[in-house]
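Here are my notes on this model. Please read them with the structure open.

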Amino acid sequence: MRSVRCHRFAALDKSVKPITTPSPIRNVIRLEEIQPPCLGADDRNKVLISTRYAGVQYPDFLQAQGLYQIKPKLPYTPGMDVAGIIVDKGSDVPDDHLRIGDRVYANTALCPDGGGGTGALAELVSVSSTAVFPVPDCLHLSSVANIGRNYCAAYHSLKVIGNVGPHDLVLVDGSSGGVGMATVELAKAMGAKVIAGVSHMDKGTLPSMAGADKVLAYGRDKESHKQFKKEVKAAAAEMGHPEGASLIVDVVHGELFQSLLSCIKPLGKICLVGFAAGQSSIRPGLLLIKEAMVVGSLWGRWARENPVLFRNNMNEIFDFMSDGKIEPRADSIFPLEDSIKAFELFEANKGRGNTVVKFSSRQSKL
C-alpha cells in the first residue's frame, strides 16, 4: 500500500540537536509503498480502515521537523486524523458498535500504540476500536478529517476547561488557523460571543465566515499588540462584557500573551493551546491583579482517561455539524500524490482552516 513516510527530522541533526537552518520539508517526507497492515489473532479489539481522507495540520508539520513535544521513532507515517471505511474488524468488536462497511472517523492519538498521533497518512490504517467513531451519513468524510487536531483541541478548551455557555465572551487568537477557526465555530454553536484575533486583517475572512462577532488584528509587534488590547476591550464593552472575556484560547502566545492577559475578566481562564509565536515568561504579579487562571489545554490525556465523556463530546461535535450549527468543510484538499504540498502550506505559514489529503479509490474494492 502507499503511505507518507518521514525518514528524518527536518530541523534536527543526526544527534537530535536543533540545526540553524531546517531542511525543506519535502527532503524528509515522501510517498512510499510499504507492507499493508492486517488484523491478526491478537487484534481482537481493532478495526482496519480503508482511508478516504486524512488531515494534515501544523502539529504534523512540527512533528516532521522534530520540534513537536512527541518525537516518533523513525521512520514513521505522519497523521493523527483519518476518515474512511471499515474493511475488517477484530472478533471482540461488537456489531452494535461498528460494522464492516461503516463510514468512520478515527483518531490515532487515542490508540495505545498510536505513536503520539501518527499513522493516518496511509491507504490502510489499523486502530483500536475505542478510537473509532461512526460518521453521520449527512457529513462528507472530508469534513471530519481534522476533528482531532482542530475540533477536539478547541472543544476541550471551551467545554472541559472553560465551561462556555450563552452568557460568555470568548477571545481566540490565530483564528484563521485550524484550531482557531474550530474555536470560533464551536463557541458560536455553544451560544457564546466571539472576538477573533488575526495577525493581519488579510486573514480575517475565514473567521468572519466561521461566525466571529468581531475580527481584530494584533499584528506582529508590541505597538500593534497594545492597539489590539484597546480594541478588544472596546469591542467587549460593546458586546455587553465590559470586564473582558470569560475565556481566552491562546494558540499564538509569544509577546502577544501580555496583551491577552489584559483582556480577561476577573476569575476568567486563559487556555494555552500552542506557541506559534514562541514561548514567553508569564508575570505572576499580573495574574494576581487580574485574578486570572492560566491552564494548559491538552485533550489527549483527558480523553484517554475519560472515554465515555470524550465520546459524548465527539457526538456533540458531530451533532453541531449535522444540525448546521457548524458548516462542515475542508478548506484545502490535496491528492495523496501531492501530500507533501499539504505540509508545505505550514512551512510557508499559509495553512488556513482544515487541510486534508484525499486518497484515491484504489482500496475501495477491499
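1. Contact here means heavy atoms within 4.5 Å. Helices (H or I, at least four residues) and strands (E, at least two) are DSSP runs, numbered from the N terminus. In H2, Ile147, Tyr151, Cys152, Tyr155, Lys159 and Val160 meet a set of H9 residues, among them Phe310, Asn313, Glu316 and Met321. By class, this contact has 11 nonpolar, 1 polar and 2 charged residues. Ala, Val, Leu, Ile, Met, Phe, Trp, Tyr, Cys and Pro count as nonpolar; Asp, Glu, Lys and Arg as charged; the others, Gly among them, as polar.

2. This is a predicted model: local features need pLDDT of at least 70, side-chain atom pairs count only at pLDDT 80 or more, and totals for chains, interfaces and linings use all residues. Residues are numbered from 1 along each chain as its sequence is written, and side-chain values use heavy atoms, with hydrogens and water left out.

3. H2 (residues 147-161) and H9 (residues 307-322) pack at about 105 degrees, their axes 11 Å apart. Axes are lines fitted to C-alpha atoms, for helices over the stretch in contact, and angles run from 0 to 180 degrees between N-to-C directions. H2 and H9 are therefore roughly perpendicular (65 to 115 degrees).

4. Tyrosine 53 sits in strand S3 (residues 46-55). Tyrosine 53 counts as buried because its relative accessibility is 10% (the cut-off is under 20%, with a 1.4 Å probe and protein chains only). Not counting residues up to four places away in sequence, tyrosine 53 touches residues including Asp81, His140, Leu141 and Phe359.

5. On confidence, the protein chain averages a pLDDT (the predictor's confidence in each residue, from 0 to 100) of 93.

How values were computed:
Parallel < 35°, antiparallel > 145°, perpendicular 65-115°, else oblique. Buried < 20%, exposed > 50% of the residue type's maximum accessible area, 1.4 Å probe, protein only.
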